[in-house]
Amino acid sequence: MAYLELKNVSMTYGRGANATEVLSNINLTIEEGEFVAIVGFTGSGKTTLVNLINGLLKPTSGEVLFKGEPVVDTSHERGVIFQNYSLLPWLTVGQNVHMAVKEAFPKASKKEINARVEEYVAMVNLSPAINKRPKELSGGMRQRVSVARALAMNPEMIIMDEPLGALDALTRGNLQDEILKIWSKDKRTALLITNDVDEGIYMADRIIPLKPGPNATLGPEFNINIERPRDKTELNDNLEYKKTRNAIIEYLMGIGEERKSASKKVYELPELTPKSFVA
Amino acid sequence: MKQSVTVVQDEKGNFGTMVKDFAIKLIPAMPKWNGKTLVRKVLIPLASIILFVGLWHVGAKALYNIEADYKIQKALTDQGQEAADQMAACIASGDVSCQPNTLPSPAQVWTSFNTLIADHKAISADKAEFKAKTAALNATREAEGKAPIVYTGRPSFVDQIFTSLKTVFAGFLLALIIAVPVGVIIGLSTTLRNSFNWLIQIFKPVSPVVWLLLVFMIVKTMTKDSDSDSAFIISFISVGLCAMWATLVNTAMGVATVDKDYINVAKVLKLGPIQKVFKVILPSSLPLIFTGLRITLSVAWMVLIAIELLAQSPGLGSFVWEEFQNGAIDSNSKIIVAMFVIGIIGFLLDRIMLTIQNMVSFNKNATA
């Protein structure tokens with residue numbers, strides 16, 4: 001039995017004439033301990049897919065099964081790292097994590113909760129900033145808080161919705177390593193949604209491109225057979241890496257071309273001849 | 001000769017630095033104090049005040065002259081040259097009986113201000129004396145189970161300021177107690193919002209006078225058997241009902257428009273409904289709630305004057321109305337004093353609210 005399974009999932013927004021099917025016929029299985037990345041263009045329905053898996057949305061048709069049970073609501077078993085951090089701005093770093101821990105372990109004593117908060121804030125190297133508010137932190141630090149908050153709840157599966165999308169390239173690289181380091185400790189199941197193919201290849205075991213919406217659906221999957229831990233600089237010379245990267249990009253670009261040519265409307269151009277300034 | 005010149009220069013320099021030091025002490029938050037900031041922060045506001053008072057003086061003078069000319073002209077047409085000369089002499093002599101009744105000058109207002117302060121001191125002394133005189137008698141009356149004898153003299157201007165503040169705070173608290181919880185409940189549910197929208201939209205623009213009459217109808221019946229201070233009850237309830245709408249609408253809007261990300265966080269963390277309200281929705285709508293409360297307080301202060309005036313409840317409003325009815329020579333200037341006091345207190349109340357807002361809300365850059 002698969003750990004997470006999506007069976008013929010479709011999602012439609014709106015009704016009647018205004019209905020747009022964002023996702024159609026999504027089939028996905030993720031095994032326990034796997035790190036899967038879904039790559040897609042912006043606006044292709046990635047966030048909708050994430051919200052279906054974490055339980056914030058319900059599919060219009062089809063089934064989302066988590067450990068064999070249909071997903072009906074959010075659950076502490078599935079931790080979510082949001083694209084825009086979603087930290088509560090009126091709480092400090094420690095309080096943001098504390099709130100999550102308290103919800104996930106309602107029976108724990110105050111001391112245990114505090115210890116856990118400190119542990120996870122330390123894990124993302126933010127101990128000196130534990131009493132600061134999100135506003136006082138940089139984007140990278142905020143996303144690290146978000147990571148700490150998700151992991152402190154001890155979820156069985158981590159769902160990351162473009163966690164590094166809003167960060168600069170350097171911070172991005174650092175955080176990728178940090179997330180991988182944390183993940184490799186206990187190899188929880190992870191689902192990464194991203195728009196960066198390189199990031200997907202560097203981090204995941206398996207990459208699945210999402211054909212852009214409306215009617216977005218998953219494309220053929222690509223297995224990444226590169227030994228962990230992966231080295232970013234060596235990766236550039238790795239044949240396997242190059243091959244997979246080119247294949248994925250070719251596929252995605254192919255979709256892009258297809259999407260462009262799918263438009264049947266022909267625009268009539270005005271007949272203009274450039275004016276000559278020579279004569 | 002040379003020496004004396006240098007001494008004068010020295011003194012001047014010392015005086016300059018003294019002024020500078022004093023100014024720096026006055027405004028400690030000023031990071032850098034130079035000529036430019038001195039001009040911008042002190043001299044220009046000061047100049048604008050002087051200009052205002054100057055214009056006021058000139059304007060009051062002109063109005064005074066128009067009124068005086070009219071009086072003399074009227075005496076001339078009604079009673080002839082002799083009466084007109086008498087009137088002109090009377091006005092020039094500053095006699096109380098024939099002063100033109102018009103906008104008072106700044107000097108007159110200042111005099112009235114001092115009169116009011118002196119009056120307050122006199123009344124306070126009188127009160128203290130009364131208290132001392134009746135202390136022994138009241139003690140025996142209390143022992144016998146009778147009500148003590150209280151001071152029933154007229155309240156001073158300062159007393160009336162405090163009465164007004166008491167009324168406005170009671171009204172504000174009433175507005176807070178009603179509007180915030182109702183706003184939260186309405187904000188949480190689209191159905192409730194839609195079903196109560198008509199009520200809010202209809203009652204929001206109703207004038208304070210009408211609210212007062214409505215409250216009067218109800219309170220009059222309800223307090224029939226008690227000897228409580230119904231004027232105070234009527235005025236504070238009316239103030240609260242007039243002023244609460246801004247808070248109600250803002251709270252409902254704040255609660256209804258909480259960032260979807262925060263709601264998603266609450267869902268993912270699986271917060272219970274009560275925790276969701278207190279830990280996510282309320283904190284995130286606090287800036288809007290406080291904006292509403294600030295509007296409520298300033299509206300409360302504004303309508304209070306009108307309501308006191310009508311409800312015959314003691315306070316600044318009735319002070320203004322009584323002075324207007326009184327028609328004494330310094331009544332007009334007392335009204336202007338009350339106007340400034342009302343304005344300054346309103347301004348201070350708003351500053352206090354702004355300070356509290358900045359203290360409690362995460363949105364630290366709220367400004368006037």
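Two strands count as paired if DSSP finds at least two bridges between them, and helices (H or I, at least four residues) and strands (E, at least two) are DSSP runs numbered from the N terminus. With that in hand, chain A has an open sheet of 4 strands in the order β2-β1-β4-β5, with antiparallel pairing. This is a predicted model, so to speak plainly about cut-offs: local features need pLDDT of at least 70, side-chain atom pairs count only at pLDDT 80 or more, and totals for chains, interfaces and linings use all residues. Residues are numbered from 1 along each chain as its sequence is written, chains are lettered from A and ligands numbered from 1 in the order in which they are written, and side-chain values use heavy atoms, with hydrogens and water left out.

**The sheet in chain A**

- The edges belong to β2 (20-30) and β5 (69-70) of chain A, each of which pairs on one side only.
- β1 (residues 4-13) and β4 (residues 61-66) of chain A run antiparallel to each other over 5 bridges.
- Along that pairing, Leu4(A) sits opposite Phe66(A) in β4(A), and Leu6(A) faces Val64(A) in β4(A).
- β4(A) also pairs with β5(A), again in the antiparallel sense, over 2 bridges; there, Leu65(A) has Pro70(A) as its bridge partner in β5(A).
- Helix α1 (residues 46-54) of chain A lies across β1, β2 and β4 of chain A, at about 125° to β1(A) (axes are lines fitted to C-alpha atoms, for helices over the stretch in contact, and angles run from 0 to 180 degrees between N-to-C directions).

- Side chains of opposite charge can pair when their charged atoms come close.
- Lys67(A) and Glu156(A) form a salt bridge at 2.8 Å, N to O (the rule wants a side-chain nitrogen of Lys or Arg within 4 Å of a carboxyl oxygen of Asp or Glu).
- That pair links distant parts of the chain, 89 residues apart: Glu156(A) is in the loop between α4 (139-152) and β7 (157-161) of chain A.
- Over all chains, the structure holds 16 salt bridges.

**Where chain B meets chain A**

- Chain B puts 18 residues into the contact and chain A 20 residues (contact means heavy atoms within 4.5 Å).
- There is 1 salt bridge between the two chains: Asp73(A) with Lys270(B), whose closest N and O atoms are 3.2 Å apart.
- On the side of chain B that touches chain A, α9 (260-268) and α10 (273-311) of chain B each supply at least two residues.
- The largest share of that side, 6 residues, comes from α9(B).
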